[in-house]
There are 4 protein chains.
Amino acid sequence: MGESSSQDGGATAGRTGVWLIGARGSVATTAVVGAAAIRAGLAPATGLVSELPEFHGCGLPAVGDLVFGGHDIVECALDKRAETLAEHGVLPPGLPALVGPALAAADAEIRPGVPAPAPPDQPSQAGQADRVRADLSGFRARHRLDQVVVVNLSATEPQPPPRPAYARLAELERALAGPEPVLPPSSLYAYAALRAGCGFVDFTPSAGARLPALDQLARELRLPYAGSDGKTGETLVKSVLAPMFADRALAVTSWSGTNLLGGGDGANLADPAVAASKTASKQQILAGTLGPVAGAVHIDFVPDLGDWKTAWDHIRFRGFLGVAMTMQFVWQGCDSALAAPLVLDLARFTARAQQAGRAGPLPALGFFFKDPVGSDEHRLSVQFDALRRWAAGLGAAA
Amino acid sequence: MGESSSQDGGATAGRTGVWLIGARGSVATTAVVGAAAIRAGLAPATGLVSELPEFHGCGLPAVGDLVFGGHDIVECALDKRAETLAEHGVLPPGLPALVGPALAAADAEIRPGVPAPAPPDQPSQAGQADRVRADLSGFRARHRLDQVVVVNLSATEPQPPPRPAYARLAELERALAGPEPVLPPSSLYAYAALRAGCGFVDFTPSAGARLPALDQLARELRLPYAGSDGKTGETLVKSVLAPMFADRALAVTSWSGTNLLGGGDGANLADPAVAASKTASKQQILAGTLGPVAGAVHIDFVPDLGDWKTAWDHIRFRGFLGVAMTMQFVWQGCDSALAAPLVLDLARFTARAQQAGRAGPLPALGFFFKDPVGSDEHRLSVQFDALRRWAAGLGAAA
Amino acid sequence: MGESSSQDGGATAGRTGVWLIGARGSVATTAVVGAAAIRAGLAPATGLVSELPEFHGCGLPAVGDLVFGGHDIVECALDKRAETLAEHGVLPPGLPALVGPALAAADAEIRPGVPAPAPPDQPSQAGQADRVRADLSGFRARHRLDQVVVVNLSATEPQPPPRPAYARLAELERALAGPEPVLPPSSLYAYAALRAGCGFVDFTPSAGARLPALDQLARELRLPYAGSDGKTGETLVKSVLAPMFADRALAVTSWSGTNLLGGGDGANLADPAVAASKTASKQQILAGTLGPVAGAVHIDFVPDLGDWKTAWDHIRFRGFLGVAMTMQFVWQGCDSALAAPLVLDLARFTARAQQAGRAGPLPALGFFFKDPVGSDEHRLSVQFDALRRWAAGLGAAA
Amino acid sequence: MGESSSQDGGATAGRTGVWLIGARGSVATTAVVGAAAIRAGLAPATGLVSELPEFHGCGLPAVGDLVFGGHDIVECALDKRAETLAEHGVLPPGLPALVGPALAAADAEIRPGVPAPAPPDQPSQAGQADRVRADLSGFRARHRLDQVVVVNLSATEPQPPPRPAYARLAELERALAGPEPVLPPSSLYAYAALRAGCGFVDFTPSAGARLPALDQLARELRLPYAGSDGKTGETLVKSVLAPMFADRALAVTSWSGTNLLGGGDGANLADPAVAASKTASKQQILAGTLGPVAGAVHIDFVPDLGDWKTAWDHIRFRGFLGVAMTMQFVWQGCDSALAAPLVLDLARFTARAQQAGRAGPLPALGFFFKDPVGSDEHRLSVQFDALRRWAAGLGAAA
């Protein structure tokens with residue numbers, strides 16, 4: 001056997017690196033711990049979609065072969081972070097210690113993130129992008145990786161106001177060379193990732209690669225990108241309940257939701273401009289399937305919930321002869337435990353897509369996202385079928 | 001225009017009769033009121049699956065053209081029943097009065113049901129079946145119907161113990177001629193319906209047509225049948241949530257449910273033998289999709305809920321690295337308002353199937369049932385696709 | 001027996017008028033229908049606290065003897081309003097017709113409310129107050145009433161900014177005579193009610209009588225007043241759960257709530273300035289009993305809920321050794337059916353208090369309010385005891 | 001300072017032992033760990049009612065001075081048990097190690113429990129009782145304890161059928177000397193405890209000291225006893241909600257509940273005869289406050305919940321003019337974390353009562369129980385007041 005192994009005997013994705021923006025956060029840490037635990041046989045593959053029987057034979061890189069690195073603006077060591085997560089019930093107690101070497105290896109590949117006000121020695125965003133590209137190139141070279149996928153896990157940003165420079169690549173690069181910052185951080189990372197020859201996945205609702213100029217760049221360089229906003233809890237449930245009402249010809253008249261969450265994400269979403277990005281993405285799924293529906297979505301920061309999230313949804317609908325009825329659900333999930341396996345799934349699928357020559361947006365990965373790039377399909381079962389068919393095509397690719 | 005009109009211009013199902021066992025119950029009354037209201041333009045088609053755009057062009061009989069009759073063992077007049085339903089919020093206030101003539105017409109076609117201890121003048125079940133056949137033949141003749149579909153809406157029965165006579169038609173008919181009752185009422189109706197040349201639908205979990213001897217009869221006479229146990233509330237939700245967990249590789253470890261219901265159905269289900277039929281059918285859906293899952297299902301009779309039903313489900317599942325999470329839902333539905341449009345849907349689809357020469361079980365109607373005959377598929381979206389494809393085939397039939 | 005009868009043989013409150021600000025609203029209409037239905041023996045006294053055995057012998061005016069009138073700025077006739085409420089399930093179908101004469105009598109005593117921009121012929125608020133006083137005096141004279149209680153049921157107002165004129169009566173009356181409006185409508189009604197010799201109850205969180213100058217007026221004229229903000233649903237539950245946690249030494253760390261409501265109140269509360277009045281009043285109860293607790297309260301307007309209200313509360317608390325636990329509740333109530341009997345209770349208690357010479361704020365009525373005037377006690381059971389003892393004192397009064 | 005310290009400077013309870021039946025169970029282990037943690041300043045007194053300001057000055061023994069021992073029929077060492085509880089989130093991770101010596105000390109005082117079929121060398125229950133008495137006397141002597149309180153935490157038993165021997169002490173002791181077992185284990189422990197001069201508390205719904213013959217014994221020996229069935233979760237909430245409905249004159253028509261629990265208690269309650277003891281105790285509280293109410297209570301064993309318990313209650317009530325409304329709550333609690341501090345509270349109050357000469361049942365401790373001995377008061381706030389007043393009396397005692 002060569003230096004790379006895949007889940008099955010067919011074509012393989014080769015050696016794959018996963019570069020995480022926000023590499024010291026809960027989701028990233030959980031993903032790194034989990035990949036190591038699965039490799040060591042310490043944990044089952046629960047929650048990993050890419051390990052379902054439907055996806056055997058697609059040539060995905062093995063979970064245990066993924067190599068991790070990333071950027072972050074905080075400095076807390078990964079093993080410390082993992083210990084804290086274990087204390088909060090996100091990781092099984094004792095597991096961080098058992099995968100200590102894997103954590104240390106990933107920790108050694110984490111570089112300082114792009115600071116929000118640019119540092120004096122990198123006055124232009126072009127300069128900042130160059131530094132990110134250099135980090136990615138070094139990572140690929142050190143580990144002799146066949147491809148690297150960059151996954152954005154950093155805090156949600158407000159949507160940037162439209163700018164002319166976003167429309168075309170040439171104008172964007174002119175602007176990047178100037179002294180004024182033009183791209184929000186997520187898009188700057190997307191730009192640098194593509195320029196470094198990496199696929200890009202946005203797990204947040206930030207702008208990321210979803211600017212026309214960056215789409216143009218991805219297509220020119222024959223690189224794939226995917227997003228946005230991982231679908232981990234309340235919205236996941238919406239994506240199966242909304243089609244249920246539609247297929248039964250029941251008329252949903254209002255859908256109200258309140259999300260309580262602690263942790264860093266919760267604190268960040270207490271900022272109304274940021275929350276607007278998120279709630280827009282959360283309601284979109286309804287309009288697509290049900291048409292216009294009344295009701296607000298709240299996101300509240302409740303610190304004592306830690307890494308846990310509680311969502312209450314109240315759905316009012318009319319049945320035969322207009323009789324009004326009600327459904328409610330409460331979702332109590334651990335966000336990191338729900339998101340981390342999806343990050344691994346996305347890295348595996350995107351790496352294989354890149355190897356198989358897929359370029360531009362990957363709408364078939366819409367199954368994983370609240371706001372799928374390149375698709376307005378929100379019905380989970382239809383998305384799953386599309387993913388299955390697309391992945392089968394990857395298996396047939398060289 | 002001829003004497004029958006359909007929803008579209010193509011092949012049509014002809015004049016269709018709907019014969020309801022339990023014709024004076026809440027569901028039947030709501031169905032009759034609703035069909036009349038839709039015909040008169042007094043109500044939209046909310047809740048009617050067969051009116052979705054997906055099913056235009058299938059040649060279904062128009063809702064407004066359905067002719068109703070049935071059996072019942074109670075005597076309350078339909079208009080009185082409808083008034084009571086309106087007082088309880090199941091029907092819009094004032095609507096029963098507006099469709100009075102339609103209620104009177106249906107009322108005139110309701111015959112006394114088969115009494116549970118056989119009457120002295122019909123000592124054998126064969127005699128009872130003859131009487132039912134005569135009722136059905138008279139109905140068809142009076143209204144010059146092209147086909148009649150019999151729908152069982154009567155109270156759930158305990159499962160009958162196995163008997164040798166159930167295995168083959170010849171033996172069954174020998175036994176029916178004897179003095180001992182051999183079939184439970186639902187199956188006696190199914191037998192009589194088929195012998196009268198009618199399709200048969202079981203909306204309850206009772207045995208109905210699901211005995212080998214009756215299946216043999218249906219195939220020999222080229223008649224369709226469908227069942228069992230209409231999927232109206234808690235189980236409907238299960239049928240989309242279970243695949244969601246499966247497709248996300250989340251491991252459901254327990255699924256507990258409590259159903260509170262008033263009304264006649266609730267009182268009947270307070271009998272443990274009867275409830276066993278129901279709860280078995282309610283949990284089946286999980287095992288099919290998720291494998292073995294712990295947890296009990298309770299059905300409690302709570303008289304003050306009237307025609308309304310509340311279900312609470314508590315689902316415990318494990319995500320990445322074994323982290324345990326919880327989802328709960330509460331469904332507050334009006335059973336008659338949920339069931340009645342499905343009865344109309346089933347009558348329309350079965351009538352069209354009969355006209356198009358479909359015989360034996362109709363697994364494509366599994367979308368409507370908790371325990372679909374001829375299928376072990378329980379995922380709602382897959383069932384909807386199957387229904388859509390099958391219905392398209394009907395549209396293409398003569 | 002004389003022209004007034006009370007619930008018992010002792011001292012009586014005499015003939016009592018109830019003057020409702022917002023007399024054509026849902027709560028007022030329900031109160032008028034209910035009082036008539038109870039008098040006619042058409043309905044039990046469910047929901048009427050003042051009819052509990054604890055309050056026999058207090059000399060309250062009989063429910064059936066209350067005489068109704070009021071102000072409103074809309075014109076819909078009471079019988080039409082009652083019919084609409086019956087269609088929406090707030091009143092039993094058929095009941096409005098049975099109490100038609102009582103509705104007509106109340107309707108004849110409704111006068112146009114004080115318009116928000118003052119009319120040209122009453123340029124000063126003093127002039128407006130005079131008109132209200134004249135309406136009240138006429139009502140009292142026509143029905144030979146011993147006392148009249150004015151109850152504010154109109155839409156919640158934003159809190160007025162502080163003004164020097166609010167501090168003392170003399171300054172307030174000087175300002176009222178000027179051309180600039182100085183009081184919000186609720187306080188103008190309270191001023192006019194007191195000047196007309198009536199007790200005043202504020203069932204809303206508006207300012208009402210809670211300005212120092214109006215408190216001074218009430219004390220000088222020996223008149224009682226009570227408020228604020230009827231405690232009908234979510235907050236009622238809070239007022240028993242918060243003491244439960246406190247008495248068990250359980251540490252509540254967050255208490256989050258979302259209220260969904262349709263109807264006029266919901267539409268009004270969609271205005272953030274108005275909602276601020278309401279949510280402040282709703283959270284106060286927690287701080288009083290539990291100290292500072294994290295968590296937000298949302299009030300959402302969901303039109304399809306009509307007169308119904310759904311509240312979801314999520315409470316996070318710590319037990320022994322800091323273990324975090326969760327309680328949630330869902331309250332699905334009909335606001336008018338919850339509020340209307342409290343309006344009758346408050347009118348009866350306040351009338352009796354006035355007769356017994358109680359002046360100024362009535363903290364013993366805190367049992368009925370979210371934000372009780374003259375008290376910072378929020379524990380429901382303590383409030384009930386206080387009410388019981390105070391009412392017993394009324395019974396002993398002349 | 002002498003050899004015993006109390007929470008305050010007044011009269012003190014002296015050195016107090018707490019003897020736990022079921023000493024190796026979750027609740028007992030949590031109580032021992034917690035008392036040690038509080039003594040060491042490692043944890044606050046959250047959940048300990050007896051530490052509320054209301055109970056300062058009552059002369060209770062200090063939590064940190066309690067000395068633990070007990071009986072159990074299993075052999076798992078306390079430190080192992082505590083580690084398991086920490087893994088399941090019942091105890092903070094790391095805490096068991098910090099209180100190792102206290103666990104070891106308690107462990108050394110645990111004796112084998114009375115085996116269900118009597119051993120050959122102790123053919124009579126009198127002989128078994130003697131052995132228990134000897135264990136208790138030895139414990140008291142070794143630690144020079146002023147008093148010992150025995151608390152039953154063992155698995156719930158079915159209710160014993162009535163026997164003549166239960167009526168009077170003389171007959172009971174005659175029967176105990178015979179070869180046939182006459183008392184269920186909980187009552188045998190109660191008998192032995194009283195004979196050894198110890199107060200007795202039953203935290204379970206088992207018979208315990210609640211037989212006339214044992215009541216007679218307690219009164220003759222001037223010893224106190226308390227029970228039954230600690231009120232930790234669903235029933236605690238009922239005890240504040242039921243009075244809320246009653247005080248608002250709202251008519252509760254049904255109250256349905258489902259309890260899901262894992263752990264040893266859950267497995268035990270899967271036995272219907274045992275569950276009957278429990279559900280009877282759980283519904284009693286409603287009848288006492290609300291009169292007859294429809295609705296069933298289910299207790300389901302759901303292993304994956306571990307030490308956690310989820311209760312869903314659905315309450316249907318009528319308001320003004322009969323309008324039906326609904327309240328639901330979900331309680332997600334850790335049973336051991338809720339019960340353990342109450343065990344410490346009960347031991348402290350009972351020890352102090354014994355010292356102050358209180359004999360027979362202690363109805364003032366009804367605040368802690370679902371089925372309070374010597375009282376039919378179930379309203380939590382009234383119970384709290386009674387406890388407060390009674391405890392103040394203890395403070396005044398010598």
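A residue is taken as buried under 20% relative accessible area, as exposed over 50% and as partly exposed in between. In the predicted model described here, E173(D) has a relative accessibility of 27% and therefore counts as partly exposed, and R195(D), at 29%, likewise counts as partly exposed. The side chains of E173(D) and R195(D) meet in a salt bridge, with an N to O distance of 3.1 Å. Since E173(D) belongs to helix 6 (residues 169-176) of chain D and R195(D) to helix 7 (residues 185-195) of chain D, the pair ties together parts that are 22 residues apart in sequence.

Over all chains, the structure holds 52 salt bridges. One of them joins K370(A) to D229(A), the closest N and O atoms being 3.3 Å apart. This pair links distant parts of the chain, 141 residues apart, with K370(A) placed in the loop between strand 11 (360-361) and helix 13 (380-396) of chain A and D229(A) in the loop between strand 6 (224-227) and helix 9 (234-247) of chain A. Both partners, K370(A) and D229(A), are buried. In chain B, a salt bridge is formed by R210(B) and D371(B), whose closest N and O atoms lie 3.3 Å apart. R210(B) is located in the loop between strand 5 (199-202) and helix 8 (212-220) of chain B, and D371(B) in the loop between strand 11 (360-361) and helix 13 (380-396) of chain B, so that parts 161 residues apart in sequence are tied together by the pair. With a relative accessibility of 32%, R210(B) counts as partly exposed. In chain A, moreover, E109(A), R111(A) and R142(A) are linked in a network of salt bridges.

The packing of helices was examined in chain A. Helix 2 (residues 78-87) of chain A packs against helix 4 (residues 100-107) of chain A at an angle of about 130°, the axes being 8 Å apart, and the two helices are therefore oblique to each other. To this contact helix 2 of chain A contributes L78(A), D79(A) and A82(A), while helix 4 of chain A contributes L103(A), A106(A) and D107(A). Of the residues in the contact, four are nonpolar and two charged, and none is polar.

The same surface serves both copies, as 100% of the contact residues of chain D recur in chain C.

Terms used:
Residues numbered from 1 in each chain as written. Chains lettered and ligands numbered in written order. Predicted model: local features only at pLDDT ≥ 70, side-chain atom pairs only at ≥ 80, totals over all residues. Heavy atoms only, no water. Axes fitted to C-alpha atoms, helices over the stretch in contact; angles between N-to-C directions. Helix = DSSP H or I, 4+ residues; strand = E, 2+ residues; numbered from the N terminus. Parallel < 35°, antiparallel > 145°, perpendicular 65-115°, else oblique. Contact = heavy atoms within 4.5 Å. Nonpolar A, V, L, I, M, F, W, Y, C, P; charged D, E, K, R; others polar. Salt bridge = Lys/Arg side-chain N within 4 Å of Asp/Glu carboxyl O. Buried < 20%, exposed > 50% of the residue type's maximum accessible area, 1.4 Å probe, protein only.
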